Amino acid sequence: MDFDLDPGHIAIQKEARSFAESISHIAAEADECSGVHAGMLAALRASRLGSLVVPKEFGGRTDRIDPLAICIVREALMAASAHADSLFALQGIGSYAITAVGSSEQRTNWLPRVATMEALPALALTEPDVGSDLKQVGTRIVADGDRVRVTGAKSFISNGASAAFFEVFGKESDGRFSMVLVPADAPGVSVTASPDLIAPHVLGEIQFKDVSLPASARLGSPGQGMDLVLATLGVFRVSVAGAAVGLAQAALEEAVRHTRTRVQFGRPLAKLGPVAQMLADCWAEVEMARLLTYRAAFIASTDPASALNHSSMAKLAATEMASRVVDRCVQMMGRFGLIRNSKIERLYRQARPMRIYEGASEVLRLGIARTLTETIP
Ligand SMILES: Cc1cc2nc3c(=O)[nH]c(=O)nc-3n(C[C@H](O)[C@H](O)[C@H](O)COP(=O)(O)OP(=O)(O)OC[C@H]3O[C@@H](n4cnc5c(N)ncnc54)[C@H](O)[C@@H]3O)c2cc1C
């Protein structure tokens, strides 16, 4: 058994780290933006990293999307900039249903522009009154002859007003769930700003007012919506774990640099027992989460659907770990950990939403525990 990344993944890691370094001068500014930061988007476009989230046939790098490559890239990006990480991740999350079941027209029209990041996608699941309990969605998808009509409101949608299209999840008249690809410029679509968050994020509230589209705008067949959500999570949920590992690693490096040089009671903080203990615990936890994440990503690359439990475990463990680690790092840095817009303070704020989006920790635990109790003989 080999626990190291193979040469192909090491090359992607180097590429992502070098890109992350190249954006360090705009990271702090971009991370405070609730709209797309033009400089960051331009840098990402030039990097060609977007080609990792669509298949080769449509401008991607590999025949199939590789969840481990995406994890590794998100790990490097999140350590540098949450804004860059989110823009990169959304290219895949918001377009995966097209990759999975899109018609050849949908694929050729959108995926090459997703790969180059000319078109920013969005996945519209959440509604003002519906979050974790997705089956309660109120958005209606109604067959209307050779057309389909979409009516409803979506909330907290990443990429918001900057998205070129939305993969919209809703309910058919017969109660089945479906997905429709709605271009952002379709008549009846409007976007308003979402509330500002503790860690700013590009978000929008989307209204679909009797949006009428050709039936060919459907993604897959009627009733396939929930499968498409699960397929998207099968490939991309584990990548949140990758980002959480990157965030925790960055926080730990900040704490190490600080505690190695700051002297109290005649010794560097890092040599004072409880601080040394916190450093060691943080390192061990980051390494544990990284191993779990890479393994889950590896499983997802061979069989995304059956990997969902591993991805959920990795997402749960890594995001909870990142919160613990960054909190300890702030503690080790004392008052210097509290300075607004310092690197550690940004990481502290950015860790928090990760335990809520793409499956809140408590909801993930329910699914993991259900599988556990059903599989142990
Ligand atoms: C930065 C950010 C970006 C986002 N981007 C998108 C996006 O692009 N597209 C999109 O569709 N949505 C997006 N969302 C929304 C996100 O998916 C939801 O916030 C998430 O699904 C949780 O829903 P909720 O916030 O309504 O919480 P709720 O569902 O109201 O849950 C609140 C809390 O209750 C607990 N809880 C809920 N259900 C259970 C249960 N069954 N058992 C035990 N505890 C439970 C959990 O602790 C949970 O955190 C984004 C959110 C954020 C913060």
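**A tour from the ligand shell to the helix pairs**

Start at the ligand. Select strand 1 (121-124), strand 3 (147-158) and helix 12 (361-375): each gives at least two residues to the shell around the ligand. Keep in mind that this is a predicted model.

Now show the shell itself. It holds 17 residues, and those that come nearest to the ligand are L125, G131, S132, S158 and A360. Colour the shell by class: 11 residues are nonpolar, five are polar and one is charged. Next, colour by domain. Domain 2 (121-223) and domain 3 (226-375) each contribute at least three residues to the shell around the ligand.

The crossing of helix 5 past helix 8 is right-handed.

Show side chains at this contact. On helix 5, pick D85, A89, G92 and I93; on helix 8, pick T232, F236, S239 and A243. By class, the residues of this contact between helix 5 and helix 8 are four nonpolar, three polar and one charged.

The axes of helix 8 and helix 10 lie 8 Å apart, and the packing angle is about 20°. Angles under 35 degrees count as roughly parallel, so helix 8 and helix 10 are roughly parallel to each other. Here the crossing of helix 8 past helix 10 is left-handed.

Terms used
Residues numbered from 1 in each chain as written. Predicted model: local features only at pLDDT ≥ 70, side-chain atom pairs only at ≥ 80, totals over all residues. Near = placed C-beta within 6 Å. Helix = DSSP H or I, 4+ residues; strand = E, 2+ residues; numbered from the N terminus. Nonpolar A, V, L, I, M, F, W, Y, C, P; charged D, E, K, R; others polar. Domains from an automatic or database assignment. Left-handed = near helix turned anticlockwise from the far one by under 90°. Contact = placed C-beta atoms within 7 Å. Axes fitted to C-alpha atoms, helices over the stretch in contact; angles between N-to-C directions. Parallel < 35°, antiparallel > 145°, perpendicular 65-115°, else oblique.
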